[in-house]
Amino acid sequence: MTTTTTPESQPFQAEVAELLQLMVHSVYSETDIFLRELISNASDACDKLRYEAIAAPDLIADGAPPKIWIRPDKKADTLSVIDSGIGMDRQELIDNLGTIARSGTKSFLARLTEAKDGANLIGQFGVGFYAAFMVADKIVVISRRAGSDQAWTWTSSGGSGFEIAQASEEDARRVTRGTEIVLHLKKDAAKYLETYEIERVVRAYSDNIQFPIELVPEEGEPRQINSASALWQRPKSDLSAEDYKEAYKSIAGAFDEPAMTLHYRAEGRQSYAVLLFAPSTKPFDLFEPARKGRVKLYVRRVFIADDADLLPAYLRFIRGVIDSEDLPLNISREMLQNNPQLAQIRNAVTGRVIGELERLADKEPETFAKIWDAFGPVLKEGLWEDYERREKLLGLSRFTTTTGENRSLKQYVESVRPNQTDIFYLTGESIERLKSNPKLEAAKARGVEVLLLTDPVDAFWTSAPIDFGGKPLKSLSQGDVDFSLIPPVDDKVDEKDEPAADEATTIAAIKEALGERVADVRASQRLTSSASCLVGGGRDPMLERLLAQQNRGAVTKPILEINLRHPLVAAIAREKDAAKDLSLLLLEQAQILEGELPEDPAAFASRLNQLVLRGLAKG
C-alpha cells in the first residue's frame, strides 16, 4: 500500500461520463435531490457499520452510534456531508465512485447471500452520488474504513476521471471513521449554504432517515434537524394511538385526526411498509383538476416523491407513506409512471385500502360514515373508472333515498317490493328538489325506494350498465318506466279509473302546439298527481347539462310526459282556444320542476296571467 500523499490520476469507467450527463440533465428534475442522495448514501454507510459491528464490535470501538453531519462554509463556498459509518478504503473508493459495474453495496450484498436478517438494513450506495455534480464543480471525498489506520482522498471535477491519494495528516486526524464529502459549490448553488435551505431539504426528503442528521452552522451549536424515526418501519405492537395521530399530522401536514389508519408490512415478491390514513375532514386540494394523490413514496426510508400516483385518483384523499425495499433509490419522477414494480404495489395497496374500508363499513359503521360523508363523491369516481373493483365500491357506497339516509345497496335490495326487478334512481342538483320531483309519484304510490343522487359524478357512473345483487340500476329520468306489476301501498287506490282525456287527441294537440321544442309527447307511467314531467330520450338529462357546460356535447330535446288523468291535460282537448297556451304551460312548468328556466320567462309569465284571468272571468 502506498504511503505517499501524491495524487494518482485514474480515468472514470467509460459509462460514467455518459451517466454524469444523464444524472444532471435527465434523471433528476430538481437540484435538491443531490442532498437527498448524499444523505441516503451516508445512511447506507451507517447501516453497514451497524450490521458489521454485530460480528465485529471493535469497529465501533468508541461506542458512539453512527451519525450524519451537514456543514456549510460560506467563506470557502463548500458544503460538507459527513457520516461516521463504515467508510471506504482506497479500492472501495475507486470501485464505488469510479465505476458503475461494481459498487461497495453490491459486494457487501454478495457477502450476505444467506444473512436474511440483515438484508433489510442494506441500502444502495448507487449512482446517485453523481447528482452532486449538479451543484458542485469539484468534489472531494475523504474516507476511512472502520477498523483501518489509513484514510484516503478522492477528488474529481466531473471530467474524464478522478484523483486518489492517501489523506493528509490533517484530514486523517479529522476523519477517524466514515466519510466526509466536500462539495465546492457552483455560484448558482450558493443557496445551499443557508441553514434554512438545508433544513428545508432535509425535512422534505430525509426527515425519516433513522440516523440523526446534525446541522453544524458556522456559528452556534450543532443541532439535529431530522426526526430520525421511520415510524412505519416499526412494529404495530410498539406504537400507540397517539403515535399514529402525531405521525398523521406530521406526514399529512394536517390538524385533524385520522378517521382510518392502515399500517402493515408486505413480504414476498416485493417488500414494502405501508402507513396510510383517511382524514376526517376534506383536504383543501381534494377537487383540484389534476386529481393528484398525496401518498409519499420512500425507498428504504429515503423520500422519493409525494405525487407518484401510488393509489388511483378516486383514493386521492388518502394520506401516508409507502416505503419500498426493492425499488432503486435513483428512480426519477419520470420513471415512476412506467415502473412495473410500482404498478404491482399500487394494485396490492389499493386492494388493502378498499378492504379496510369494507371492514370499517361492517364493524365500525359510525367511523365509516365520517369517511363517506367527507369523501363519498370522490370514492364514487371509482364506480366509473375502476371496473375491476366496481362491485366492491358499490357495496361501500351509501345513498340518501326516499326511505332514509346512508342507505347501502345491500339494504336497498333486501327491502325491494314484490315484482320489483330494478334499482331506481333519480339525479338532480339537490335532495330537496329531488324529493319534490313529480317523477317520484308512481314510485311513492307503490312504496318503491329511489336513490336520490346529487353529486355531479353520479351522472357519469350511472351512465354505465351497472347492476347490484342481480338488479340493474334504472333512471326515473329517462326511458320507459313501468310499475304496473308492483302493487300499490294503499289497496284502496283504484288504478283502473278511465283517463280524463283521450290519449291520441290530446297528444296530437300538444305536439302541434309545441312543435320542435320537444322530441316527443307521450302518456306517463311515472305521474299520479302532477300534470307533466320531462324525461331524456337517451342520456341522463343531468349528464347532458354537465357536458354542455363543458362544451362537450349539446343538450338533446326532451320528451314531455303527460298525466292523462290530470284536469289541466284534459282541458287541452276541450278548450281548443287555450290549447296552445295550456300545452306550453305543461312544458314550462315541467322545465321549472327540473330546475330550468322556461325558454322565454316573460312570455311564460304573460301566458300564466292570461290563463288565470280567463279562469277568474269564467268563475
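Which strand is Asp73 found in, and what surrounds it there?

Analyst: Keep in mind that this is a predicted model. Asp73 is found in strand β2. That strand spans residues 68-73.

Asp73 has a relative accessibility of 26%. The cut-offs here are under 20% for buried and over 50% for exposed. Asp73 therefore counts as partly exposed.

Next, the contacts. Set aside residues up to four places away in sequence, and Asp73 touches Thr78, Leu193 and Glu218. The side chain of Asp73 also reaches the backbone nitrogen of Lys75, at 3.1 Å. Glu194 gives a view across the chain. Asp73 and Glu194 are 121 residues apart in sequence. Their C-alpha atoms are 9.4 Å apart in space.

Asp77 sits in the loop between β2 and β3. Its phi is positive, about 55°, although Asp77 is not a glycine. With a relative accessible area of 40%, Asp77 is partly exposed.

Now the sheet around Asp73. Strand β2 belongs to an open sheet of nine strands. The order is β1-β6-β5-β4-β7-β3-β2-β8-β9, and the pairing is mixed. The edge strands are β1 (8-11) and β9 (223-224), each pairing on one side only. In the sheet order, β2 stands between β3 and β8. At the β9 end, β8 (residues 213-215) and β9 run antiparallel and are joined by two bridges. Leu215 stands opposite Arg223 of β9.

A helix covers this part of the sheet. Helix α7, residues 195-205, lies across β2, β3, β8 and β9. The angle of α7 to β8 is about 165°.

β12 and β13 pair in the antiparallel sense, over three bridges. Leu297 stands opposite Ala305 in β13.

Lys296 is in strand β12, residues 294-299. Leave aside its neighbours within four places in sequence. Lys296 is then in contact with Ile251, Phe303, Ala305, Asp306, Leu310, Gly320, Val321 and Ile322. The side chain of Lys296 also reaches the backbone oxygen of Ile251 at 3.1 Å. Leu310 lies 14 residues from Lys296 along the chain, and their C-alpha atoms are separated by 8.1 Å.

Asp309 is in the loop between β13 (302-305) and β14 (319-324). Phi of Asp309 is near 55°, in a residue other than glycine. At 32% relative accessibility, Asp309 counts as partly exposed.

Helix α20 spans residues 567-574, and its buried residues are Leu568, Val569, Ala570, Ala571 and Ile572. These buried residues pack against α18 (503-514), β23 (559-562) and α21 (579-593). Two packed helices are described by the angle between their axes and the distance between the axes. For α18 and α20, the axes come within 9 Å and cross at roughly 80°. The two helices are therefore roughly perpendicular to each other. From α18, the contact uses Thr505, Thr506, Ala509 and Ile510. From α20, it uses Val569, Ile572 and Ala573. By class, this contact has five nonpolar, two polar and no charged residues.

Last, the whole protein. There are 22 helices and 23 strands. Buried residues make up 52% of the 619 residues. Of the contacts with a separation of 6 or more, 72% join residues 24 or more positions apart.

Terms used: Residues are numbered from 1 along each chain as its sequence is written. This is a predicted model: local features need pLDDT of at least 70, side-chain atom pairs count only at pLDDT 80 or more; totals for chains, interfaces and linings use all residues. Side-chain values use heavy atoms; hydrogens and water are left out. Buried means under 20% relative accessible area, exposed over 50%, partly exposed in between (1.4 Å probe, protein chains only). Helices (H or I, at least four residues) and strands (E, at least two) are DSSP runs, numbered from the N terminus. Contact means heavy atoms within 4.5 Å. Two strands pair if DSSP finds at least two bridges between them. Axes are lines fitted to C-alpha atoms, for helices over the stretch in contact, and angles run from 0 to 180 degrees between N-to-C directions. A polar contact is a pair of N or O atoms within 3.5 Å; within protein, one must be able to donate a hydrogen and the other to accept it, and residues adjacent in sequence count only if both atoms are side-chain atoms. Angles under 35 degrees count as roughly parallel, over 145 as roughly antiparallel, 65 to 115 as roughly perpendicular and the rest as oblique. Ala, Val, Leu, Ile, Met, Phe, Trp, Tyr, Cys and Pro count as nonpolar, Asp, Glu, Lys and Arg as charged, and the others, Gly among them, as polar.
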